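Dear colleague,

Please find below the structure that I am handing over to you, together with its sequence. My findings follow directly after it.

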Amino acid sequence: MLERPWSNRQLAELGKAIRAGREAPKGVPEYEEVMLWYSELLTPVQQRIQNTDWSALGLGNVQGFELTSRVKTQSTLRDKLNRYPSQKLQTIRDIAGVRFEADMTLSQQNAIVLAMLGLFHDSSEGRVIDLRENDQHGYRAVHVEFRFGPPTHARVELQVRTLLQGKWANLYETAADLFGREIRYAEAGDLLGGRDIVEMLKELSRDRIATIEELLDRTVQLERSYVNMGDISILPLEIQEQVGWVVDRLQAIRENVGHRKDRLRVSIENMTDVLKQATGSRRGDAQE
């Protein structure tokens, strides 16, 4: 892993400068210099995840995942430092992040998180932050904070999202572009009916998406338990028929819930497009 070239004091001073909106003092690295180093740190992290054979974990379709990485922009970093005045730059857990998204069940999401912890146990300590039950303003996902020890002395956040969790997060980011970034942390203003729309989006995540994900996960787990019973030919014919009927019903339920999930995904994508158009129209009006 990379060796961090700056002391805690130097990074703390840079954080103070960013918070105040002024240039970094002499002897303190520039924002761009630090972010370039964090970007280089993300490269081996992302490569190790990318090169992992997830099918070996019995995760099947999770092999078709989407993997991205990013470092915080200076404006976003300034917002966070001002929101938490006592926090120092080097202690921000998501200053550099990797995002893993896949069309997977909640149980598969749990398995991915455990596997991620194992991937970096040789160089870091991992802490799981589960935001599915206790969401952040509707945002649901599982995050893993990696704290890399010497010589790196840095933190990287891994976000693990299901397909619907990722689609919703993109939708809410689009809403933030229209109604203001503060909706990620507090109530939205009344601009263009923003308050009602934001509350509707939160309920969409907490109610519809959470319900579909939980129902699909339970159905898949039950179906697997019956399918993996092994050779049932030794059982009485009546029991065999009952097992077959249960498996057929579970498959039908899984397919039905899958169709509902697909329709919800399309609805979220359509809502995202509508909000993007509204944002573009608003910016166009502002420029006239």
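The largest cavity holds about 70 Å³ of space. The model in which it was found is a predicted one, and a search of the whole structure returns one cavity of 30 Å³ or more. Its lining consists of Asp-103, Met-104, Thr-105, Leu-106, Thr-162, Leu-163, Leu-164, Glu-213, Leu-216, Asp-217 and Lys-261. Sorted by class, five of these lining residues are nonpolar, two are polar and four are charged. Both α5 and α6 (194-227) supply at least two residues of the cavity lining, and α6 provides the largest share, namely three residues.

The largest pocket is the next item. The space in the largest pocket amounts to about 880 Å³. A total of 33 residues line this pocket, and Lys-72, Asp-94, Gln-159, Arg-184 and Tyr-185 are those that lie nearest its centre. The pocket lining comprises 16 charged, nine polar and eight nonpolar residues. At least two lining residues come from each of β1 (66-71), α3 (74-83), β4 (142-148), β5 (154-162) and α5 (163-179). Of the pocket lining, α5 contributes the largest share, with five residues.

I turn now to the nonpolar cores. The largest nonpolar core is made up of 43 residues, and within it Tyr-38, Ile-49, Trp-54, Leu-77, Phe-100, Met-116 and Leu-158 have the most contacts. The elements that each supply at least two residues of this core are α1 (8-20), α2 (31-50), β1, α3, β2 (96-102), α4 (106-119), β4 and β5. Its largest share, nine residues, is drawn from α2. The surroundings of Leu-158 may be of particular interest to you. When neighbours within four places in sequence are left aside, Leu-158 is in contact with Ile-49, Val-98, Phe-100, Met-116, Val-142, His-143, Val-144 and Phe-146. There is also a second, separate core of 25 residues, which includes Leu-164, Ile-212, Val-220 and Ile-268. Leu-164 is also one of the residues that line the largest cavity.

Two individual residues deserve a separate note. Gln-90 is located in the loop between α3 and β2. Its relative accessible area is 11%, and because the cut-off for burial is under 20%, Gln-90 is classed as buried. A polar atom of the Gln-90 side chain lies 3.4 Å from the backbone oxygen of Asn-8. The Gln-90 side chain also reaches the backbone nitrogen of Ala-12, at 3.5 Å. Apart from residues up to four places away in sequence, Gln-90 touches Arg-4, Asn-8, Leu-11, Ala-12 and Arg-155.

Asp-122 is found in the loop between α4 and β3 (124-130). With a relative accessibility of 53%, Asp-122 counts as exposed, since the threshold for that class is over 50%. The side chain of Asp-122 forms a polar contact with the side chain of Arg-48, at 3.2 Å. Asp-122 and Ala-278 are 156 residues apart along the chain, and their C-alpha atoms are separated by 48 Å.

With kind regards

How values were computed
Residues numbered from 1 in each chain as written. Predicted model: local features only at pLDDT ≥ 70, side-chain atom pairs only at ≥ 80, totals over all residues. Heavy atoms only, no water. 1 Å grid on protein atoms, 1.4 Å probe; cavity = no way out; pocket = protein on both sides within 12 Å on 5 of 7 lines; lining within 4 Å. Points joined across faces, edges and corners; volume = space filled by probe spheres on them. Helix = DSSP H or I, 4+ residues; strand = E, 2+ residues; numbered from the N terminus. Nonpolar A, V, L, I, M, F, W, Y, C, P; charged D, E, K, R; others polar. Core = buried A, V, L, I, M, F, W, Y, C linked by side-chain atoms within 4.5 Å. Buried < 20%, exposed > 50% of the residue type's maximum accessible area, 1.4 Å probe, protein only. Contact = heavy atoms within 4.5 Å. Polar contact = N/O pair within 3.5 Å; in protein donor to acceptor, adjacent residues only side chain to side chain.
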